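Welcome to a short tour. Keep your viewer open and get ready to select a few pieces one after another.

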Amino acid sequence: MQRLAIFGGTFDPIHWGHLLVAETALSQVHLEQVIWVPSRHPPHKQAALFEHRVVMLQLATRNNAAFTVSLIDRERSGRSYAINTLIDLSACYPNTHWYWIIGLDAFQTLPRWYRGHELAQMCDWLIAPRLLGGETIAQSELICKQVEEQVRKQSHTINWQLLNTPLVKVSSSIIRELCYQSHSIIDLVPESVRSYIATHNLYSHNPE
Ligand SMILES: Nc1ncnc2c1ncn2[C@@H]1O[C@H](COP(=O)(O)OP(=O)(O)OP(=O)(O)O)[C@@H](O)[C@H]1O
Ligand SMILES: O=C(O)c1ccc[n+]([C@@H]2O[C@H](COP(=O)([O-])O)[C@@H](O)[C@H]2O)c1
């Protein structure tokens, strides 16, 4: 059985934090592939044009043969719910043990997702520590255990493990804000992504 991970997100834009998390998951869990899935209509966020986000993902991931960008959410109308992503990808990749890569901030909200308790037990969760107020690894574990408890109360099970990544402060919102203020984002995204943002004038006061 192959081991594949979904890395879902808005990726508005993709940054080095995302790439570090995905690389760590590949090596820590011995995955065959990480499938990057940009949400077309993120359940709880506004985002730049889907096509721009996709191209930036493709540029940033093209040098790693174990990375694939899936457009599976493009075909679906309405909100891009994670459970639908997993169901649709399972049909494309039979005989697969599924993992879901996620930052701690997003994992914390899993019990409130659309059919979140059901989704919780359909894959194993690979959780990247993320600053939610300066916590340590022990605090990250505590947050994960609280999520596990909430899922168990609804009579579902969940398997999770923390990814061994350092806390990386970069976020897409910081990058968007820096762009609005015409500051450099050179250390925060791959050069191909920085160049794409500049060429298409994304995240400026006069976007394309
Ligand atoms: N620096 C980071 N460290 C760990 N996980 C991250 C990091 N940045 C993003 N993630 C995780 O990657 C997934 C996709 O994130 P997303 O595309 O929304 O980026 P973001 O930086 O969180 O965006 P925004 O700042 O707009 O909220 C989420 O699970 C998120 O928690
Ligand atoms: O399915 C849901 O209800 C749901 C609600 C919020 C977030 N998610 C998932 O959480 C991941 C991170 O999402 P985002 O929007 O913070 O980039 C991504 O895989 C989304 O599909 C999913």
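This is a predicted model: local features need pLDDT of at least 70, side-chain atom pairs count only at pLDDT 80 or more; totals for chains, interfaces and linings use all residues.

Is the crossing of α2 and α8 right-handed or left-handed? The crossing is right-handed (clockwise, where a left-handed one has the near helix turned anticlockwise from the far one by less than a right angle). Residues are numbered from 1 along each chain as its sequence is written, while chains are lettered from A and ligands numbered from 1 in the order in which they are written.

**Stop 1: two helices**

Select residues 50-61 for α2 and 191-199 for α8; their axes come within 8 Å and cross at roughly 155°. Axes here are lines fitted to C-alpha atoms, for helices over the stretch in contact, and angles run from 0 to 180 degrees between N-to-C directions. The two helices are therefore roughly antiparallel to each other (an angle over 145 degrees). Helices and strands are DSSP runs (H or I, at least four residues, for helices; E, at least two, for strands), numbered from the N terminus.

Now show the side chains of V55, M56, L59 and A60 on α2, and of S192, V193 and Y196 on α8, which make the contact (C-beta atoms, placed from the backbone, within 7 Å). This group divides into six nonpolar residues, one polar and no charged. Ala, Val, Leu, Ile, Met, Phe, Trp, Tyr, Cys and Pro count as nonpolar, Asp, Glu, Lys and Arg as charged, and the others, Gly among them, as polar.

**Stop 2: the sheet**

Next, colour the strands: six of them form an open sheet with parallel pairing, in the order β3-β2-β1-β4-β5-β6. Two strands pair if DSSP finds at least two bridges between them. At the edges you will find β3 (67-69) and β6 (159-162), each pairing on one side only. Zoom in on β4 and β5 (residues 124-128), which pair over five bridges; G103 has A128 in β5 as its bridge partner.

**Stop 3: the ligands**

Which residues come nearest to ligand 1? Of the 18 around it, they are G9, G17, G103, S172 and S173 (around means a C-beta atom, placed from the backbone, within 6 Å). Helix α1 gives the largest share of this shell, three residues. Finish at ligand 2, where G8, G9, T10, A82 and W113 come nearest among 14 residues. Its shell divides into eight nonpolar, five polar and one charged.

Terms used. Angles under 35 degrees count as roughly parallel, over 145 as roughly antiparallel, 65 to 115 as roughly perpendicular and the rest as oblique. Two residues are in contact if their C-beta atoms, placed from the backbone, lie within 7 Å.
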